[in-house]
Amino acid sequence: MFAKNTDIKLRAAEPQDAKLIYQWENDQSIWRVSETYIPYSLYQIEQFLMNNDLFSMRQIRIMIEKNNDNTCIGCIDIYDFDPIHMRAGIGILIQKDYRKLGFARQALELIIHYCFNTLMLKQIYCLIDVLNNDSIKLFTNIGFEQCGLRKEWIKTPNGFIDEIEFQLINKDFR
């Protein structure tokens, strides 16, 4: 564990998380928002976890656990890490049973603090499709600002939809 508040804690993903991550990665209902379109094998997940290193792989998966019972309720990915330009993308997944309970906001607040104060990033960003109103609300309520719009970016069964880019600038960056 490297960050926590009264309700949740964040920790690096461990090999024993492989089966849970395997379930998430193969849940087709979230493939559009995670930009995944093929199933992953358990072996692929295990190999990813063996190399879960931000500096060599330019990405890392962080697990979100409830403090009271250590239940893993989701994860945050830091990806597209750029140590020269001091920026990274972030994505978050909260299991269905734990959505709309404030856990995503708390996890984002903790990861923002980590990104800005430990990794000393200048900015973080996220990409959200225009139909994902819950994520748009989550990120804008935390202070992310829309900085771009990719028109007809994501193909769906009903046609193409736009993707919005949001960023949060570290105003205390030196």
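The buried residues of helix α6 are covered by elements that include β5, α5, β6 and β8. Helices (H or I, at least four residues) and strands (E, at least two) are DSSP runs, numbered from the N terminus. The model is predicted: local features need pLDDT of at least 70 and side-chain atom pairs count only at pLDDT 80 or more, while totals for chains, interfaces and linings use all residues. Residues are numbered from 1 along each chain as its sequence is written, and side-chain values use heavy atoms, with hydrogens and water left out.

**Helix α6**

- S135, I136, L138 and F139 are buried in α6; buried means under 20% relative accessible area, exposed over 50%, and partly exposed in between (1.4 Å probe, protein chains only).
- These buried residues line one face of the helix, because they fall within an arc of 165 degrees when seen down the axis of α6; the arc is that of the directions from the helix axis to the C-beta atoms.
- N133 and K137, on the other side of α6, are exposed.
- After α6 comes G143, which has a positive phi near 120 degrees.

**Nonpolar cores**

- A nonpolar core is a set of buried Ala, Val, Leu, Ile, Met, Phe, Trp, Tyr and Cys residues joined through side-chain atoms within 4.5 Å.
- The largest such core has 37 residues, of which I78, I111, I124 and F144 touch the most other members.
- Elements giving two or more residues to this core include β2 (8–12), β3 (60–66), β5 (87–94) and α6 (133–141).
- The greatest contribution to this core, ten residues, comes from α5.
- Beyond its neighbours within four places in sequence, I124 is in contact (heavy atoms within 4.5 Å) with residues including A88, I112, F144 and L168.
- Another core, of twelve residues, lies apart from the largest one and has L20, I21, W24 and I45 among them.

**Aromatic rings**

- Four aromatic pairs are present in the structure; rings of Phe, Tyr and Trp (its six-membered ring) pair if their centres lie within 6.5 Å, and planes under 30 degrees apart count as stacked, over 60 as edge-to-face and the rest as tilted.
- Y79 and Y125 form an edge-to-face pair, because their ring centres are 6.0 Å apart and their planes are at 75 degrees.
- This pair links distant parts of the chain, with Y79 in strand β4 (residues 72–82) and Y125 in strand β6 (residues 123–129), 46 residues apart.
- Y79 is partly exposed, at 24% relative accessible area, whereas Y125 counts as buried at 10%.
- F139 and F144 are also paired edge-to-face, because their ring centres are 5.0 Å apart and their planes are at 85 degrees; both F139 and F144 are buried.
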